Amino acid sequence: MADRLAMYIDTSKCMACRGCQVACKQWHDLPGSQTVNTGSYENPPALAPNTWTRIRFREYDDGERFQWLFLKEGCMHCAEAVCVDVCPTAALKHTPEGLVTFERELCNGCGYCGQFCPFGVPQLEVTNRLTGEAKSSKCVFCQDRTTNGLKPACVKTCPANALDWGDRDELLAKARSRVDLLKTEWGFPQANLYGELELGGLGRLYVLTAPPAAYGLPTAPKYPVVATLWQKLLQPGGQIVFGATIAGALAAFFLARRNIEMKEVE
Amino acid sequence: MSVRVRDSQTVLHIRWIPKYTTLERFLHWMHTIAFVPLALTGLILFMPWLRSLAQSEAGVTIRIIHRVAAVLFGGVPILYAILQPRRMIMHVREFLSFSRFDLLWLKAAVPYYVFGRHADMPPQPRFNTGERLNAVVLVLGTVVFGITGLAMWFGRGVIPPVVFQVMVLAHDIAFIITVSMFMVHFYLAVIHPLMWQSLISMRYGVVSESYAREHHGMWYYGEKRAKEMWQQRHHEETQ
């Protein structure tokens, strides 16, 4: 396996300019949407089929100081990606570099990915609720750019240098030293690294200045138990049951044909 | 009805006893027409080697077929309840009445259906134990399919994701059980050499007198008389 690639996100440097949101829309030809002012600079209000990344705004007061937290949302590119496992069309795949890629053409719109994702990332664009016609969408780490030696569009555009892209192990080391620095020099005792081990290791490595929950991140994201039951137990079990039923009926048929005298059947 | 046996002078006289109404037979085949495409389109998501049928436009099409068939599948019991409610209630009552004769039937079923030994078969009402079990599972399956299917169809984004996940799981469990039941039902009704009258009854609504006597004694003779006969036969055997 090739060295795993990852995105480094230093929330302590992010100033919420949202240049990454614009760069993402520009590179992937995603249209903007009309939104309303809800009293926050946070905009648009949530990830959407045409919004693959966005800055989430959270206010956090730990009693000693107030922080305005900015979290760059988007697909985490989990090593144990449940969306890849539950996708019945293989539209979602893992690349050797650890990217979770998405082939829109293959997607049939079932929406399992978004319902099983522990982060609720994949967004389903439903064109007809009755027939179920829909297409999923999510951040693909700019596969077209990153497999050709470029950085993702959002990383390239970030003016605060809060984002970086490259070898995951190198970025892990960079994130660890940054967390140490924030703790010791910058007065963020709660600084921590998110994404190192979660779900087999995320493709996003977050340097946080407050606990993950303060950002609205799940503290201990888990691979859904239902998905394990479904994929590892029920699907193979069902295949065995169907096979056994057919084999049983065939065996019963040949035995019955040998044993039953049709003359006696009126 | 008299039937002359081909190339002989033998004439068979068959008395036919009505078993199903016209509506029941019509709905049975509607149910079949709905169930088979539902099962096949569901199977596509189950078998990795059928994956290409789940992808792209093919996948969109199978999802539409699944939904159209689902509406038909759910419509059958609703139509039945509207058009012949008394028959439906009668059937449900019959489906839910089990007795010790059902245990005897279960014991005698394999020797009979596989080896053709009829002697131990206990008397049965209009539907035998297997038919009633099949019906109960199918009714329960329909309820589970209905709830989970509608939840996945219209509930995505409304119900919490974990509930949606459980719906997918329950839909799959119901799928495995009902499809296996269907295979057994198909084998016994269409393939099994002894059950040649089942297709006739689902086409013309009748079974022959001798078939009713042998297979559904409690229906043919009445419960009391059939049990007496069974005990008598059993008594003679044990002496």
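## Nonpolar cores

The largest nonpolar core holds 69 residues, and those with the most contacts inside it are Cys83(A) and Leu163(A); a nonpolar core here is a set of buried Ala, Val, Leu, Ile, Met, Phe, Trp, Tyr and Cys residues joined through C-beta atoms within 7 Å. Strand 1 (residues 5-10) of chain A gives the largest share of this core, 5 residues, strands being DSSP runs (E, at least two residues) numbered from the N terminus. At least three residues of this core come from each of domain 1 (1-221) and domain 2 (225-264) of chain A. Apart from this core lies another, of 7 residues, among them Tyr211(B) and Trp219(B).

Cys83(A) is in contact (C-beta atoms, placed from the backbone, within 7 Å) with residues including Leu92(A), Val100(A), Cys113(A) and Phe116(A), not counting residues up to four places away in sequence.

## Basis of the model

This is a predicted model, in which local features need pLDDT of at least 70 and side-chain atom pairs count only at pLDDT 80 or more, while totals for chains, interfaces and linings use all residues. Residues are numbered from 1 along each chain as its sequence is written, and chains are lettered from A and ligands numbered from 1 in the order in which they are written.

## Domains of chain A

The C-alpha centres of domain 1 and domain 2 of chain A lie 46 Å apart, with bounds taken from an automatic or database domain assignment.

## Tyr60(A)

Tyr60(A) touches Gln67(A), Leu69(A), Ala210(A) and Ala214(A), not counting residues up to four places away in sequence. Tyr60(A) and Ala210(A) are 150 residues apart in sequence and 8.0 Å apart in space, C-alpha to C-alpha.

Notes: A residue is buried if 20 or more other C-beta atoms lie within 10 Å of its own, exposed if 12 or fewer, and partly exposed in between; C-beta atoms are placed from the backbone. Helices (H or I, at least four residues) and strands (E, at least two) are DSSP runs, numbered from the N terminus. Two residues are in contact if their C-beta atoms, placed from the backbone, lie within 7 Å.
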